[in-house]
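Subject: Structure for you, with notes on the ligand site and pockets

Hello,

Here is the structure I promised. Please open it next to these notes.

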Amino acid sequence: MPSHTPTSLETIVALCKRRGFVYPSAEIYGGINGMYDFGHLGTLLKENIRKAWLKSLESERGEIVRLEGALIGPEAMWKASGHVDGFHDPMVDCKKCKHRFRADDINLEKPCSHCGNKDWTEVRSFNMMFKTNLGALEGASSTAYLRPETAQPMYVNFKNIMTTCRTKIPFGLAQMGKAFRNEITPKQFLFRMREFEQMEMQWFCKQETASQELSAWVAQRLEFYKTIGINLNKLRTREQTPEERAHYSTRCFDVEYEFPFGWKELEGIAHRGNFDLTQHTNHSGKELAVFDEATKSSYIPHVVECSVGTDRLFLTLLFDAYHEDLIEGETRVVLKLAPAIAPIKIAFLPLSKQLNEQTEKLYKEFKKIGLSVEFDTSGSIGKRYRRQDEIGTPFCVTFDFESEQDGAVTVRHRDSTAQERISLSNLAAYFKEKL
Ligand code: GAP
């Protein structure tokens, strides 16, 4: 079947809106730049991404434990982490049309893409932290920040975690949750947002093994993308240059994906040294070293961090899965998502209205097992297949007039559109194996 992927950003944005994956936030008030709300299918898809990510962290090399830290942190913590003084992007304005740009996003030798004039302001530093005040009093003691990465609560809780979970080095601490950055120019839909979600894992290890751990994690992360069905020809790893690296990292590999707007970072895998734990020890006065029984000495562990944006991965999966096929002279849109990622796993479709009751009964049985399923009765069977293809449902089950006689249903496969007859008594076992 001829298939191609002429995916543009606009195509994906339109699909997300049309099928209820993602909406502009506060849309009825005109929207808010860099923020999005996730609809029913978007929420299910995101949950599947989180589940797959957690599973992908399992490793022979050590245990992974979890944290759900606060979104807001005190100024002292963000000073220690270096974000208050160092989390900047270069900003430049066009003096004529007042349009604002990230200076590293544009060529300052060229005219403004907005008005065509070439009259730039000086490049200035812009701190991307969202600042707030706690309580009724405004002042230095009440200043707090929304976290720009989920990592810091993991460092400041390092001792709590070691004590309560009785973990031994090496081990990983994983967290999924919101991060906030006042991006100068949020753009490309979910690619660069102001409020987004990260899935981050801090791997605490000894300095001697950190370099080896870094390589092992790069390989393990690539394996993850393979498992969730991303086309490996569109993925590559690239080591960041010293100029590109964040203030805390000594080496960093980016996993990049080939988006329609170029090769861009999907995930960062960094050796953060013991920068963060050392900074928090020095600023808080609390000892964050661990005691090594073998050498009878204390040391501050090193960290290898794997960090990916949940929303950026969501967007990547949609670009990667989007296909347009030609079936019997008609174009169909199909999301070829891996079954584990697809928001709906099976759609139950009665061939005729007279079969609604029996089909609904079957649908409810599968829903009871905890599978994400749909029951759709409206429109021709062809239309209903297309509706499911467009949201990536891997299987459709059609209950027809023969089903009652032969005790079997038709299972239709999304990618090949092939159909097979499966007996009702085998259906649960069949899907257990497929999903
Ligand atoms: N803790 C390390 C850290 O935050 P980062 O490279 O700044 O490193 C990690 O961010 C990942 O978070 C990126 O690879 C990307 O997937 C995601 N991310 C960063 N900024 C984002 C934004 N403004 N919108 C959506 N995702 C973003």
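Predicted model: local features only at pLDDT ≥ 70, side-chain atom pairs only at ≥ 80, totals over all residues.

Residues are numbered from 1 along each chain as its sequence is written, and side-chain values use heavy atoms, with hydrogens and water left out.

**Ligand**

The ligand is surrounded by 21 residues (a residue is near if one of its heavy atoms lies within 4 Å). Glu-149, Met-193, Glu-200, Glu-265 and Leu-266 are the closest. By class, this shell has 10 charged, 7 nonpolar and 4 polar residues. Here Ala, Val, Leu, Ile, Met, Phe, Trp, Tyr, Cys and Pro count as nonpolar, Asp, Glu, Lys and Arg as charged, and the others, Gly among them, as polar.

Three strands, β12 (195-205), β15 (262-273) and β18 (302-309), each supply at least two shell residues. β15 gives the most, with 5 residues. Strands (E, at least two residues) and helices (H or I, at least four) are DSSP runs, numbered from the N terminus.

Which atoms come close? A ligand nitrogen is 2.8 Å from a polar backbone atom of Met-193. For Gln-198, a side-chain N or O atom is 3.0 Å from an oxygen of the ligand. The protein covers 91% of the 550 Å² of accessible area that the ligand has on its own (Shrake-Rupley method, 1.4 Å probe).

**Largest pocket**

The ligand takes up the space of the largest pocket (more than half of its atoms lie within 2 Å of the pocket's grid points). A pocket is an open set of points on a 1 Å grid over the protein atoms alone, where a 1.4 Å probe fits, with protein on both sides within 12 Å along at least five of seven lines; lining residues have an atom within 4 Å of a point.

The volume is about 1400 Å³ (the space filled by probe spheres set on the points). The lining has 50 residues, with Arg-102, Arg-181, Gln-240, Glu-265 and Arg-312 nearest the centre. β15 again gives the most, with 8 residues.

**Second largest pocket**

This pocket has a volume of about 670 Å³. Among its 27 lining residues, Lys-51, Pro-339, Ala-340, Lys-345 and Leu-435 are closest to the centre. α2 (40-56) supplies the largest share, 7 residues.

Best wishes

Definitions and conventions. Polar contact = N/O pair within 3.5 Å; in protein donor to acceptor, adjacent residues only side chain to side chain.
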